[in-house]
Amino acid sequence: GDVYKRQMLRVLKALPRLGGMRRFSSHGFLARDSRFSAVEQYDVNYFKKILPGSDTVLTEALKVNKYNEEYTHKHNGLSKCVLRPQSATEISNILAYCNQRKLAVVPQGGRTSLVAGATSVFDEIVINMERMNKIYELSPYTGIIKLQAGVILEEAEKYCNERGFVFPLDLGAKGSCQIGGNLGANAGGLHFVKYGSLHGNTIGLRAVLANGQILDTLDAHRKDNTGYDLKQLFIGAEGTLGAITDAAILCYPKPQSVSLCFLGVDHFDSIKSILIGAKKKFGENLSAIEMMDDQSYELVQKHIPSTRVPFEKDRFPFYMVIETHHNGPQAESDEKLLSFVESMSKHIQNGILSRDETQAKQIWGTREKIADAFVKEGMTFKYDVSLKTDEFYELVPILRTRVGDKAKVGGYGHVGDGNIHINVTVNGYENDTLSSEVHKLLEPYVLEEVAKRKGSISAEHGVGFAKAQYLMLSKSDECIDTMLAIKNALDPNGIMCPYKVFPHGRRIIWKKIQLSLTKLQIPVSYTHLRAHETLRYLVCRLLLEKK
Amino acid sequence: TQSTWDIIQIRMRQLKCLVGVKHCLDNALRVRVDKAKGWVDLTGCKMSLNPYCEIAVEEAVRQKAAGVFSSTTSLTIGGPDAVETIRTALAMGIDQAIHIVTNRATDVDISSLIVARVFKHFIQANKFDVALLGKIAIDDNNEQTSQIISGMLGIPFATNANKIAFEKEGTISVCRETDEGIEKIQFLTTPAIISCESRLNVPRFVNIMGLKRAKSKKIETIKLEDLPIDHHCNYKITSIKEHEKKRASQRVELSKIGELIKEHMIQPIFASTT
């Protein structure tokens, strides 16, 4: 069975007419879109001409492999050509050429995307921004920092901290993720509850469209109501509308003192009361409020020995991390947090307060390394969803009963923003049958449950490639049609990040057709149904007649 | 169950412990040297408990829980803002604290000799049996306070303690970390001084209940000038500057070594005197 499948796949990959086919556990078979050309030697020569310098055009397998590695190792790319430009003009030249030649491209940052949005699906050209890592300036009056899209988040944070400012974004992956990728995915982060979304904190942007035109709104002011706010299109577009090359982000003044505490809590209702109390007492001084359950805590203790977990022996069903800012001496800040915790003492079982930077790093490490701990335990299925606070933790016990002994289910996340990360992990990476069993139990059940509760199927990770086909569960058909209209207007040849964000593949069309035909009760041939997949530019007469 | 006689025996054997606690720059922060002034500027920097003192505090609290110590007292020399660090020590489990208040900078103006005199005064006055100190303070890096105290009082001391065990007979055995291996020392008499290494224990996080209890614990505040000791520093630090960047290493031919030595003015150890 397996051997035959592998042989079939090899044959399908070799078929030059189709240009290759890949099999994904979540998408089934996906064929390479034949409207894109393949990369030829004269293309590589042209790129070498417009990108002067060494190591700007990579084609050897050894060098290119690094840029094809995906974070969860489930959707590794097959790109054969990687470009590393150094300025917006170089990217403009690249995209103008690719648009004319119909070569698909993927702008790439730190490859920390959890939905395979950063790597190629077939042989798209990868445009990596890592050489564009200059920080231009930080204005001390407005706090606006101008930087290139390849700056690593941790470097930007250090730059701001040295000058008395705080970058409004903070993620666990800050050591490798780049600003361009953060903007493309509209990353939320740990301090979202205080600073809000990147949509609000981005003041200016420079992006390159698919046809090579540069849209420059980098030198913008806080207030500028002249025409449509084009930069908002690119933030969250995940590279499908254009490549972001520079950004101007608003930074906030650094608080004088920061207090951090780690609490052990018995029941999820206590977390809800603490959340209301904290928002009331601290207001905008509440910079982070996170929760995790015992399963996540146990895995961090087991797999991440470099992080010292706060409670060595005591265990509670839930844990919370609360961080507050204060413009005053450290003693006052600690006192305020302490008095809040004492006022909530009937909801809290135990708690610790961080007294120095090392302890603060250990407490944050316990929260930030949960994702890594799950990946170390085994094959992980991640669901990053937004739900109402009342129903926040509901899905985790439901999934635990559904999955049973086959896998471990943990829930953790930003309870202040209503965003929970549900991770389901199978022990080890070798047991393929168990993994696929668990996968079938989970998808599409989890996402349909979220859609039932009118939640978002992807709160901050984005849709990328892994969740593209579930977009309809969170957005209506009219919304998706309007998005497609914008995409076709800005990228008519569809070269920017193909196969991503928008649903594709036979499963979606099949389901849509099934739904409409069951309503209409029209018998129709299989040939007619197959024609829907290939002749997409035509309109089905049956659906038109019956509206 | 223990009979009254056993309890009396245990209480008679229990020791009084003095713990050194220093309020200094947070371990994780990088020191900034002001090149123009030639001085370290600590205003606005986060200060916290010296990590080696934290280890001493943790050891004292553990031995108190094990019944070896009857009471633990912490001793801090610092400004008014050192109260935060003293509260951390009290929250970890120390019973009471003594705070010697001074406006002088504890990293440059208070020498180890002054600190040793203060410790000597309290060890003699309050009759402490064991003094637990951190082996080194991370701001001035003097690493000599415990040695000076023992010299002044003529009492046994052990530095770089890796493990401390209090025997029933009243002796204290300490394992010291040295370059050649672990050295075991036994103290036959008290008072004694032990300075703690990083591998002695892992200090606990400060519990919120502990912080609440710490508010009711006693902190005795005394001015440094009021103590009957000589508090004048017998040296003055004129300036502080950062290390020069290390020169890149270079390969040298054997024949050219003589020139290099002359160039960099290194006195060869084995130069002949004839």
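**View 1. An open sheet of four strands in chain A.** In this predicted model, four strands line up in the order β3-β4-β6-β5 of chain A, forming an open sheet with mixed pairing. Strands are DSSP runs of E with at least two residues, and helices are runs of H or I with at least four, numbered from the N terminus; two strands pair if DSSP finds at least two bridges between them. β3 (57–58) and β5 (105–108) of chain A stand at the edges with a single partner strand each, so one side of each has no neighbour in the sheet. Look for β4 (residues 82–83) and β6 (residues 125–128) of chain A, which pair in the parallel sense over two bridges. Here Val82(A) stands opposite Val126(A).

**View 2. Helices α11 and α14 of chain A pack together.** Helix α11 (residues 294–303) and helix α14 (residues 370–377) of chain A meet at about 75°, their axes 9 Å apart. Axes are lines fitted to C-alpha atoms over the stretch in contact, with angles from 0 to 180 degrees between N-to-C directions. α11(A) and α14(A) are therefore roughly perpendicular (65 to 115 degrees). Residues in contact (heavy atoms within 4.5 Å) include Leu299(A) of α11(A) and Phe374(A) of α14(A).

**View 3. Where chain B meets chain A.** Contacts join 19 residues of chain B with 23 residues of chain A. The rule finds three salt bridges across this interface (a side-chain nitrogen of Lys or Arg within 4 Å of a carboxyl oxygen of Asp or Glu). Lys215(B) forms a salt bridge with Glu335(A), with the closest N and O atoms 3.4 Å apart.

**Notes.** Residues are numbered from 1 along each chain as its sequence is written, and chains are lettered from A in the order in which they are written. Local features need pLDDT of at least 70 and side-chain atom pairs 80 or more, while totals for chains, interfaces and linings use all residues; side-chain values use heavy atoms, leaving out hydrogens and water.

Methods:
Parallel < 35°, antiparallel > 145°, perpendicular 65-115°, else oblique.
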